[in-house]
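Here is a short report on one protein chain. Start with the sequence and the model, then read on.

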Amino acid sequence: ILEFYYPHANLPPLGSGLGRAQYFDNLQTRRHRWDARVDHELSAKHSVFARVSDQRRDPGTSFEATGFPHLGVQDRRLSSRTVTGSWNAILGGALFNELRAGHNRDRGNRKSRYDASTVATQLGLQVPETAAGLRGFPAFAFQGTNAIRSITDPSQNANRDTRQEQTTISDTLTLVKGRHALKFGGFYTRNHAVGGFSLGVTGAA
């Protein structure tokens with residue numbers, strides 16, 4: 001347990017005999033983004049526009065457990081992709097149509113990189129079947145004089161991935177009649193979001 005959770009002491013011990021450790025972690029955030037765009041006139045009366053944007057970010061700055069850098073950082077990767085397009089058409093001397101559509105998808109990871117059952121087995125512990133597949137690691141509470149720091153599981157933050165998607169479609173038909181312009185059209189949108197909390201594996205051993 002000590003080898004798995006605690007770093008090795010590299011400073012003179014305390015008066016109580018407990019060891020001390022001090023480490024400097026080189027945390028970094030990685031970002032990537034690209035965009036692609038097409039703007040083309042198919043003919044004198046038709047034109048299309050399309051754009052794709054993709055961006056990804058990996059913060060890499062949230063520790064699995066505060067005070068235990070030996071465990072590393074959580075998976076907090078973020079990604080977003082957007083696709084949009086439009087089609088403009090002149091259908092007559094006084095008739096114009098514009099069709100637009102777009103789709104956006106966001107992904108946000110917020111989970112532990114550990115599997116609770118795997119860690120427990122590695123430490124020689126037994127866990128209930130209900131813990132199978134849960135993210136996180138077992139928690140330990142130490143008591144007594146000069147007790148070492150207890151180990152807490154990230155609990156609900158061990159698996160809180162979010163997923164969100166949005167789709168929109170709109171169409172506008174414009175009719176010009178003398179000094180008047182009449183517009184007809186419709187708009188459709190769909191939103192879908194999934195986010196959850198997990199129990200993790202909390203308790204004391």
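In this predicted model, the largest nonpolar core has twelve residues. They are F4, Y5, Y6, A65, F68, L71, Y114, V119, L123, F137, F140 and I151. In soluble globular proteins, nonpolar side chains tend to be buried together. Take A65 from this core. Beyond its neighbours within four places in sequence, A65 contacts L71, F137 and T152.

L42, W87, L99, I169 and Y188 form a nonpolar surface patch of about 450 Å². Where is L42 found? L42 sits in the loop between strand 1 (30–41) and strand 2 (46–58). Is L42 buried or exposed? L42 has a relative accessible area of 53%. Exposed means over 50%, so L42 counts as exposed.

Now the chain as a whole. It holds two helices and six strands. Read from the N terminus, the order is α-β-β-β-β-α-β-β. The radius of gyration is 28 Å, whereas a compact globule of 205 residues would have one near 17 Å. Along the principal axes, the C-alpha atoms fill a box of roughly 95 × 35 × 25 Å.

| Property | Value |
|---|---|
| Buried residues, share of the 205 residues | 24% |
| Residues 24 or more positions apart, share of contacts with a separation of 6 or more | 59% |

Notes
Residues are numbered from 1 along each chain as its sequence is written. This is a predicted model: local features need pLDDT of at least 70, side-chain atom pairs count only at pLDDT 80 or more; totals for chains, interfaces and linings use all residues. Side-chain values use heavy atoms; hydrogens and water are left out. A nonpolar core is a set of buried Ala, Val, Leu, Ile, Met, Phe, Trp, Tyr and Cys residues joined through side-chain atoms within 4.5 Å. Buried means under 20% relative accessible area, exposed over 50%, partly exposed in between (1.4 Å probe, protein chains only). Contact means heavy atoms within 4.5 Å. Patches are made of residues with over 30% relative accessible area and no salt bridge: like charges are joined within 9 Å, nonpolar side chains (Val, Leu, Ile, Met, Phe, Trp, Tyr) within 5 Å. Accessible areas come from the Shrake-Rupley method with a 1.4 Å probe; for residues, only the protein chains shown count as cover. A salt bridge is a side-chain nitrogen of Lys or Arg within 4 Å of a carboxyl oxygen of Asp or Glu. Helices (H or I, at least four residues) and strands (E, at least two) are DSSP runs, numbered from the N terminus. The radius of gyration is taken over C-alpha atoms; the globule rule is 2.2 Å times the number of residues to the power 0.38.
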